[in-house]
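Here is a friendly walk through one protein model, going from overall confidence down to single side chains. Keep the viewer open as you read.

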Amino acid sequence: MATDLSFFRSESAQRLREQGREQGLEQGLEQGRAEQAARSVLTVLTGRGIELSAAHRARLAETTDLAQLNTWLVQALTATRASELFD
């Protein structure tokens with residue numbers, strides 16, 4: 001039984017694969033930006049001697065909103081305790 005695979009070589013299929021690659025790349029870049037921003041917040045807080053609870057660390061690690069992470073990063077520069085950022 002022969003299977004017709006011509007669709008997979010078609011221009012439409014190639015375009016769909018390219019769109020998928022572009023979407024995957026963009027999602028990966030966004031995830032990488034969020035992870036780096038979270039690490040930056042953690043680095044600043046740690047460098048300033050501010051300890052984070054397990055809940056605060058989890059919240060930081062789970063946050064993917066880049067605007068929120070950047071807000072926390074700016075706040076981390078002057079915060080005296082982690083609850084000023086997360087509570």
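The mean pLDDT (the predictor's confidence in each residue, from 0 to 100) is 87 for the protein chain, and 90% of the residues score at least 70. Confidence is lowest in helix α1 (residues 6–9), with a mean of 63, and highest in α4, with a mean of 96. Where pLDDT is low, the predicted coordinates should not be read in detail. This is a predicted model, in which local features need pLDDT of at least 70 and side-chain atom pairs count only at pLDDT 80 or more, while totals for chains, interfaces and linings use all residues. Residues are numbered from 1 along each chain as its sequence is written, and side-chain values use heavy atoms, with hydrogens and water left out.

**Overall layout**

The protein chain has 5 helices and 0 strands, in the order α-α-α-α-α along the sequence. Both kinds of element are DSSP runs numbered from the N terminus: helices are H or I with at least four residues, strands are E with at least two. Of the 87 residues, 21% count as buried. Here buried means under 20% relative accessible area, exposed means over 50%, and partly exposed lies in between (1.4 Å probe, protein chains only). The chain exposes about 6400 Å², and carbon and sulfur atoms supply 54% of that area. These areas come from the Shrake-Rupley method with a 1.4 Å probe; for residues, only the protein chains shown count as cover.

Contacts are heavy atoms within 4.5 Å. Among the contacts with a separation of 6 or more, 65% join residues 24 or more positions apart.

**Helix α2**

Helix α2 has 37 residues and reaches 53 Å from its first C-alpha to its last, close to the 54 Å expected at 1.5 Å a residue. The expected span is 1.5 Å times one less than the number of residues. Buried residues in α2 are Ala 13, Ala 34, Ala 37, Ala 38, Val 41 and Leu 45. An α-helix has 3.6 residues a turn, so residues three or four places apart point the same way. Just after α2, Gly 49 takes a positive phi of about 80°.

**The nonpolar core**

A nonpolar core is a set of buried Ala, Val, Leu, Ile, Met, Phe, Trp, Tyr and Cys residues joined through side-chain atoms within 4.5 Å. The largest one has 15 residues, and those that touch the most other members are Leu 45, Leu 60, Leu 69, Trp 72, Leu 85 and Phe 86. Two or more residues come from each of α2 (11–47), α4 (66–76) and α5 (83–86), with α2 giving the largest share, 5 residues. Leaving out residues up to four places away in sequence, Leu 85 touches Val 41, Leu 45, Trp 72, Gln 75, Ala 76 and Ala 79.

How many aromatic pairs are there? The count is 1, using rings of Phe, Tyr and Trp (its six-membered ring) with centres within 6.5 Å; planes under 30 degrees apart count as stacked, over 60 as edge-to-face and the rest as tilted. The rings of Trp 72 and Phe 86 have centres 4.7 Å apart and planes at 70°, so this pair is edge-to-face. Because Trp 72 lies in helix α4 and Phe 86 in helix α5, the pair ties together parts that are 14 residues apart in sequence. Both Trp 72 and Phe 86 are buried.

**Around helix α3**

His 56 lies in helix α3 (residues 54–62) and counts as buried because its relative accessibility is 13%. Beyond its neighbours within four places in sequence, His 56 contacts Ala 82, Ser 83, Phe 86 and Asp 87. Arg 59 is also in α3, and at 38% relative accessibility it counts as partly exposed. With residues up to four places away left out, Arg 59 touches Trp 72, Phe 86 and Asp 87.

Thr 63 sits in the loop between α3 and α4 and is buried, with a relative accessible area of 15%. Its contacts, again leaving aside neighbours within four places, are Ala 34, Gln 68, Leu 69 and Trp 72. Ala 61, in helix α3, is exposed at 63% relative accessible area.

Some pairs from this region, with their separations, are listed here.

| Pair | Apart in sequence | C-alpha to C-alpha |
|---|---|---|
| Arg 59 and Phe 86 | 27 residues | 8.1 Å |
| Thr 63 and Glu 35 | 28 residues | 8.6 Å |
| Ala 61 and Ala 37 | 24 residues | 9.9 Å |
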